Amino acid sequence: MKKVFLALLLMPAIALATELPAKVTAQQFVDLQQGDTVYPGFRRAHAKGMCVSGEFRSNGQLSAYSTATVFQRGVMPFTGRLSIAGNNPTAPDLKAPVRSLALSFAMSSTEQWRLAMNMPPVMAVADPHTFYQQIQAIQAGPAAIKQFFAEHPESKEFLTWAAQYEASGSFASETYNSINAFYLINPDGKRQAVRWAMQPTVTVAATDMQGADVLQNEMASRVLAGNVVFDWVFTLAEAADDENNATKAWPDSRQDITAGQIVINSTSAQLEGECHAINFDPLVLPTGIEATADPILRARSSAYAESYRRRATEQLTGAFKEPKND
């Protein structure tokens, strides 16, 4: 069962059996994600989701590390999206074990911050070319997966996490990680590498879960009954930590700072809310936050842009139509 789970966890969508190119492009990654079946107007990965909105209640504790206005003590609204992995916008919620949270802050008319987070704290591989090979190995079957990981010892920490992970009964009770590192820039121009996690404040067991939209329905009902809250926790790197390698976790001894709480107070179907039109590109950053040189981070940004270009074109040309549930 764990082997089946792991294969699903690592697989962003249905992979195509193709030869490994000398240089992997964003177009090839997105082709791999969308598979043989295209759902016009929808994301090629994490196609099924729901919109959320709310506010970040900052306690001001990160203001000494970053000039970003979001970290000043106070309240800032956001638009967000909860989703599952896969290219099918009508897939059953429990079909894919990967769950994600994305947020978009509009600090001003010219400055935004977009965050895209997933459950694993680390990546299985450190560069886009190897990630492409990983997906192809998954498509090829259990023997190829076993061989791939035997040849890539950098996957050890990811595999350790995947072996112990158990899905919860709610979007509200998962931990969502930045995975990649970023720099906070303080008023003096000093850089501090960080990773962050949205840590849940509730525990929900995965019991008696039925229905194609069980996670979305549970979340909508939960928010109607009261706010859903996550603690936004930042981990500060030290000199020995490699901020450009997403396969390596930083030691538990590193300093954590809770910057405040993410409070979700509203939900809507994704085609009825603002989140569907947003490209949650992790390189859309405000003043006071900068990207590291992590190549996976840049690959994510390029793939998101290509996916957005395709679905936007389909909507503009009239190809989009709402799919029926499977």
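## The largest pocket

Strand β7 gives the largest share of the lining of the largest pocket, 4 residues. Strands are DSSP runs of E of at least two residues and helices are runs of H or I of at least four, numbered from the N terminus. The model is predicted, so local features need pLDDT of at least 70 and side-chain atom pairs count only at pLDDT 80 or more, while totals for chains, interfaces and linings use all residues. Residues are numbered from 1 along each chain as its sequence is written, and side-chain values use heavy atoms, with hydrogens and water left out.

The largest pocket holds about 490 Å³ of space. Two or more lining residues come from each of α5 (156-164), β7 and β8 (228-236). A pocket here is an open set of points on a 1 Å grid over the protein atoms alone, where a 1.4 Å probe fits, with protein on both sides within 12 Å along at least five of seven lines; lining residues have an atom within 4 Å of a point. The volume is the space filled by probe spheres set on the points, which are joined across faces, edges and corners. Of the 20 lining residues, Pro121, Asn177, Thr235, Trp250 and Asp252 lie nearest the centre.

## Aromatic pairs

The whole structure contains 18 aromatic pairs, meaning rings of Phe, Tyr and Trp (its six-membered ring) with centres within 6.5 Å; planes under 30 degrees apart are stacked, over 60 edge-to-face and the rest tilted. Phenylalanine 71 and phenylalanine 234 form an edge-to-face pair, because their ring planes stand at 85°, with centres 5.5 Å apart. Phenylalanine 71 lies in the loop between β1 (49-58) and β2 (74-84) and phenylalanine 234 in strand β8, so this pair ties together parts 163 residues apart in sequence.

Tryptophan 113 and tryptophan 196 also make an edge-to-face pair, with centres 5.7 Å apart and planes at 85°. Both tryptophans are buried, that is, under 20% relative accessible area with a 1.4 Å probe and protein chains only (exposed is over 50%, partly exposed in between).

## Two buried asparagines

Asparagine 186 sits in the loop between β6 (182-185) and β7 (191-200) and is buried, at 13% relative accessible area. Beyond its neighbours within four places in sequence, asparagine 186 contacts Ala64, Tyr65, Ser66 and Thr67, where contact means heavy atoms within 4.5 Å.

Asparagine 279, in the loop between β9 (256-269) and β10 (289-291), is buried at 14%.
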